[in-house]
Amino acid sequence: MISIVVLISGRGSNLRAILDADLPVRIAAVISNNPAAAGLALARARGVPTEVVDHRAFASRPAFDERLAERVDARRPDLIVLAGFMRILTDAFIARYRGRIINIHPSLLPAFPGLDTHARALAEGVKIHGCTVHFVTPQLDHGPIIIQAAVPVFAADTEQTLAARVLAQEHRAYPAAIRWFAQGKLKVEGQKVLNTDADARFEQALLSPVDAP
Ligand code: GRF
(Lines give C-alpha, C1' and ligand atoms only; values in the text may rest on other atoms or scores of the structure.)
Protein backbone atom coordinates (compact mmCIF):
# COMPACT_ATOMS: atom_id res chain seq x y z
CA MET A 1 0.00 0.00 0.00
CA ILE A 2 1.49 3.37 -0.98
CA SER A 3 0.93 6.63 0.79
CA ILE A 4 -0.38 9.70 -1.02
CA VAL A 5 -0.93 13.36 -0.27
CA VAL A 6 -3.77 15.08 -2.12
CA LEU A 7 -3.51 18.82 -2.81
CA ILE A 8 -6.78 20.66 -3.38
CA SER A 9 -8.11 24.21 -3.66
CA GLY A 10 -11.87 23.83 -3.77
CA ARG A 11 -14.86 21.57 -4.16
CA GLY A 12 -13.04 18.26 -3.89
CA SER A 13 -15.17 16.09 -6.16
CA ASN A 14 -12.07 14.35 -7.52
CA LEU A 15 -10.93 13.81 -3.94
CA ARG A 16 -14.32 12.21 -3.26
CA ALA A 17 -13.90 9.91 -6.26
CA ILE A 18 -10.47 8.88 -4.98
CA LEU A 19 -11.83 8.28 -1.47
CA ASP A 20 -14.70 6.21 -2.84
CA ALA A 21 -12.58 4.11 -5.20
CA ASP A 22 -11.19 1.62 -2.71
CA LEU A 23 -7.63 2.12 -3.98
CA PRO A 24 -4.54 0.39 -2.58
CA VAL A 25 -3.40 3.69 -1.09
CA ARG A 26 -3.37 5.40 2.27
CA ILE A 27 -4.25 9.10 2.09
CA ALA A 28 -1.70 10.53 4.51
CA ALA A 29 -3.14 14.04 4.26
CA VAL A 30 -5.23 16.43 2.22
CA ILE A 31 -3.56 19.84 1.99
CA SER A 32 -5.30 22.95 0.69
CA ASN A 33 -3.99 26.41 -0.12
CA ASN A 34 -7.54 27.65 0.46
CA PRO A 35 -8.91 27.48 4.02
CA ALA A 36 -12.48 27.57 2.64
CA ALA A 37 -12.06 24.56 0.33
CA ALA A 38 -15.11 22.30 0.66
CA GLY A 39 -12.86 19.29 0.11
CA LEU A 40 -11.29 19.84 3.54
CA ALA A 41 -14.57 19.11 5.32
CA LEU A 42 -15.05 16.04 3.16
CA ALA A 43 -11.59 14.74 4.09
CA ARG A 44 -12.20 15.36 7.79
CA ALA A 45 -15.53 13.57 7.60
CA ARG A 46 -13.71 10.55 6.20
CA GLY A 47 -11.07 10.63 8.92
CA VAL A 48 -8.27 11.92 6.68
CA PRO A 49 -5.86 14.45 8.26
CA THR A 50 -6.06 17.91 6.71
CA GLU A 51 -3.80 20.92 6.61
CA VAL A 52 -4.01 24.42 5.19
CA VAL A 53 -1.04 26.26 3.73
CA ASP A 54 -2.67 29.56 2.79
CA HIS A 55 -0.77 31.08 -0.14
CA ARG A 56 -1.93 34.56 0.88
CA ALA A 57 0.27 34.35 3.96
CA PHE A 58 3.43 34.21 1.84
CA ALA A 59 5.26 37.05 0.17
CA SER A 60 6.37 35.05 -2.86
CA ARG A 61 5.60 31.91 -4.82
CA PRO A 62 8.93 30.25 -3.82
CA ALA A 63 8.23 30.96 -0.14
CA PHE A 64 4.79 29.36 -0.39
CA ASP A 65 6.16 26.34 -2.26
CA GLU A 66 8.91 25.83 0.31
CA ARG A 67 6.41 25.65 3.13
CA LEU A 68 4.13 23.44 1.07
CA ALA A 69 7.02 21.05 0.36
CA GLU A 70 7.89 21.00 4.04
CA ARG A 71 4.32 20.01 4.95
CA VAL A 72 4.14 17.43 2.14
CA ASP A 73 7.47 15.90 3.16
CA ALA A 74 6.31 15.63 6.76
CA ARG A 75 3.76 13.06 5.51
CA ARG A 76 6.38 11.06 3.55
CA PRO A 77 4.14 10.36 0.55
CA ASP A 78 5.06 8.08 -2.35
CA LEU A 79 2.82 10.10 -4.64
CA ILE A 80 1.47 13.65 -4.70
CA VAL A 81 -1.96 14.00 -6.29
CA LEU A 82 -3.07 17.42 -7.53
CA ALA A 83 -6.87 17.34 -7.49
CA GLY A 84 -8.16 20.77 -8.45
CA PHE A 85 -5.11 22.46 -6.96
CA MET A 86 -5.24 25.92 -8.50
CA ARG A 87 -1.75 27.23 -7.83
CA ILE A 88 1.09 27.17 -10.33
CA LEU A 89 4.01 25.37 -8.69
CA THR A 90 7.62 26.50 -9.01
CA ASP A 91 10.11 24.44 -11.01
CA ALA A 92 11.94 23.72 -7.77
CA PHE A 93 8.83 22.18 -6.21
CA ILE A 94 8.13 20.08 -9.29
CA ALA A 95 11.76 18.93 -9.58
CA ARG A 96 11.70 17.77 -5.98
CA TYR A 97 8.87 15.32 -6.71
CA ARG A 98 9.81 14.39 -10.26
CA GLY A 99 8.05 11.19 -11.34
CA ARG A 100 5.79 11.12 -8.30
CA ILE A 101 3.46 14.07 -8.79
CA ILE A 102 0.37 13.84 -11.00
CA ASN A 103 -2.38 16.22 -12.05
CA ILE A 104 -5.83 16.08 -13.63
CA HIS A 105 -6.61 18.64 -16.28
CA PRO A 106 -10.08 19.22 -17.80
CA SER A 107 -9.14 18.98 -21.49
CA LEU A 108 -7.61 16.53 -23.91
CA LEU A 109 -4.04 17.77 -23.65
CA PRO A 110 -2.10 19.12 -25.44
CA ALA A 111 -5.25 21.03 -26.44
CA PHE A 112 -6.34 23.76 -24.04
CA PRO A 113 -3.71 23.93 -21.32
CA GLY A 114 -4.42 26.57 -18.65
CA LEU A 115 -7.77 27.90 -17.46
CA ASP A 116 -11.34 28.07 -18.84
CA THR A 117 -10.90 24.91 -20.87
CA HIS A 118 -14.60 24.21 -21.40
CA ALA A 119 -15.41 27.72 -22.63
CA ARG A 120 -12.42 27.59 -24.95
CA ALA A 121 -13.41 24.18 -26.30
CA LEU A 122 -16.91 25.52 -27.06
CA ALA A 123 -15.50 28.65 -28.69
CA GLU A 124 -13.26 26.52 -30.94
CA GLY A 125 -16.18 24.33 -31.97
CA VAL A 126 -14.40 21.08 -31.13
CA LYS A 127 -16.59 17.98 -31.37
CA ILE A 128 -14.69 15.95 -28.78
CA HIS A 129 -13.45 17.19 -25.42
CA GLY A 130 -12.37 15.49 -22.20
CA CYS A 131 -9.81 15.23 -19.45
CA THR A 132 -6.22 14.10 -18.95
CA VAL A 133 -4.26 12.70 -16.01
CA HIS A 134 -0.55 13.35 -16.46
CA PHE A 135 2.74 13.46 -14.64
CA VAL A 136 3.63 17.03 -13.70
CA THR A 137 6.64 18.64 -15.38
CA PRO A 138 7.77 22.25 -15.34
CA GLN A 139 5.85 23.03 -18.53
CA LEU A 140 2.29 23.81 -17.44
CA ASP A 141 -0.26 21.06 -18.24
CA HIS A 142 2.20 19.22 -20.45
CA GLY A 143 3.69 16.15 -18.71
CA PRO A 144 3.58 12.49 -19.81
CA ILE A 145 -0.04 11.35 -20.22
CA ILE A 146 -1.29 8.47 -18.07
CA ILE A 147 -4.95 8.35 -19.13
CA GLN A 148 -7.42 10.40 -21.10
CA ALA A 149 -11.21 10.31 -21.27
CA ALA A 150 -13.14 11.76 -24.19
CA VAL A 151 -16.71 13.03 -24.31
CA PRO A 152 -18.81 14.36 -27.19
CA VAL A 153 -19.58 18.06 -27.43
CA PHE A 154 -23.19 18.82 -28.35
CA ALA A 155 -24.54 21.89 -30.14
CA ALA A 156 -26.73 22.75 -27.16
CA ASP A 157 -23.87 22.54 -24.65
CA THR A 158 -23.08 25.35 -22.27
CA GLU A 159 -19.88 25.63 -20.31
CA GLN A 160 -21.74 24.05 -17.38
CA THR A 161 -23.20 21.06 -19.20
CA LEU A 162 -19.89 20.32 -20.87
CA ALA A 163 -17.97 20.68 -17.60
CA ALA A 164 -20.36 18.24 -15.90
CA ARG A 165 -19.94 15.67 -18.69
CA VAL A 166 -16.16 15.92 -18.44
CA LEU A 167 -16.19 15.84 -14.63
CA ALA A 168 -18.01 12.51 -14.60
CA GLN A 169 -15.12 11.11 -16.62
CA GLU A 170 -12.52 12.74 -14.38
CA HIS A 171 -14.00 10.71 -11.56
CA ARG A 172 -13.30 7.51 -13.49
CA ALA A 173 -9.92 8.47 -14.87
CA TYR A 174 -8.17 9.70 -11.72
CA PRO A 175 -8.74 6.58 -9.59
CA ALA A 176 -7.57 4.41 -12.51
CA ALA A 177 -4.34 6.41 -12.84
CA ILE A 178 -3.64 6.27 -9.11
CA ARG A 179 -4.29 2.54 -9.02
CA TRP A 180 -1.76 1.94 -11.82
CA PHE A 181 0.83 4.10 -10.07
CA ALA A 182 0.24 2.28 -6.78
CA GLN A 183 0.66 -1.07 -8.52
CA GLY A 184 3.94 0.05 -10.09
CA LYS A 185 2.53 -0.31 -13.59
CA LEU A 186 3.63 3.07 -14.97
CA LYS A 187 7.02 3.66 -16.59
CA VAL A 188 7.88 7.06 -17.99
CA GLU A 189 10.03 7.18 -21.12
CA GLY A 190 10.50 10.72 -22.30
CA GLN A 191 7.06 12.19 -22.94
CA LYS A 192 5.42 8.77 -22.98
CA VAL A 193 3.95 6.65 -20.20
CA LEU A 194 4.23 2.91 -20.73
CA ASN A 195 1.58 0.98 -18.87
CA THR A 196 2.69 -2.57 -18.09
CA ASP A 197 -0.81 -3.57 -16.99
CA ALA A 198 -1.99 -5.76 -19.87
CA ASP A 199 -5.61 -4.94 -19.04
CA ALA A 200 -4.89 -1.23 -19.45
CA ARG A 201 -4.54 -1.51 -23.19
CA PHE A 202 -7.97 -0.05 -23.81
CA GLU A 203 -8.67 1.50 -20.44
CA GLN A 204 -6.12 4.28 -20.93
CA ALA A 205 -8.49 5.81 -23.45
CA LEU A 206 -11.93 6.12 -21.90
CA LEU A 207 -14.72 7.03 -24.25
CA SER A 208 -18.09 8.31 -23.16
CA PRO A 209 -21.00 7.71 -23.46
CA VAL A 210 -19.94 4.41 -25.00
CA ASP A 211 -16.69 2.70 -24.02
CA ALA A 212 -15.53 1.20 -27.28
CA PRO A 213 -12.64 -1.23 -27.43
C1 GRF B 1 -11.52 19.69 -12.05
O2 GRF B 1 -12.24 19.97 -13.21
C3 GRF B 1 -10.07 19.47 -12.37
O4 GRF B 1 -9.85 18.87 -13.60
C5 GRF B 1 -9.55 20.89 -12.39
O6 GRF B 1 -10.22 21.53 -11.34
C7 GRF B 1 -11.46 20.88 -11.09
C8 GRF B 1 -11.46 20.45 -9.68
O9 GRF B 1 -12.69 19.94 -9.26
N10 GRF B 1 -8.12 20.90 -12.30
P11 GRF B 1 -12.84 19.22 -7.84
O12 GRF B 1 -12.32 20.19 -6.78
O13 GRF B 1 -12.07 17.95 -7.87
O14 GRF B 1 -14.32 19.01 -7.71
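**Ligand site and backbone geometry**

In this predicted model, an oxygen atom of the ligand lies 2.6 Å from an N or O atom in the side chain of R11, a polar contact (a pair of N or O atoms within 3.5 Å). A nitrogen atom of the ligand is 3.3 Å from a polar backbone atom of I104. Of the 370 Å² of accessible area that the ligand has on its own, the protein covers 86% (Shrake-Rupley method, 1.4 Å probe). Local features need pLDDT of at least 70, side-chain atom pairs count only at pLDDT 80 or more, and totals for chains, interfaces and linings use all residues. Residues are numbered from 1 along each chain, and side-chain values use heavy atoms, without hydrogens and water.

The shell around the ligand consists of R11, G12, S13, N14, G84, I104, P106 and E170, each with a heavy atom within 4 Å of the ligand. Domain 1 (1–97) and domain 2 (104–195) both contribute residues to this shell, so the ligand lies between them; the domain bounds come from an automatic or database assignment.

L109 and P110 are joined by a cis peptide bond with omega about 10°, and P110 is in the loop between strand 5 (101–105) and helix 5 (117–124). D22, a residue other than glycine, has a positive phi near 55° and is placed in the loop between helix 1 (13–20) and strand 2 (25–32).

Note on methods. Polar contact = N/O pair within 3.5 Å; in protein donor to acceptor, adjacent residues only side chain to side chain. Helix = DSSP H or I, 4+ residues; strand = E, 2+ residues; numbered from the N terminus.
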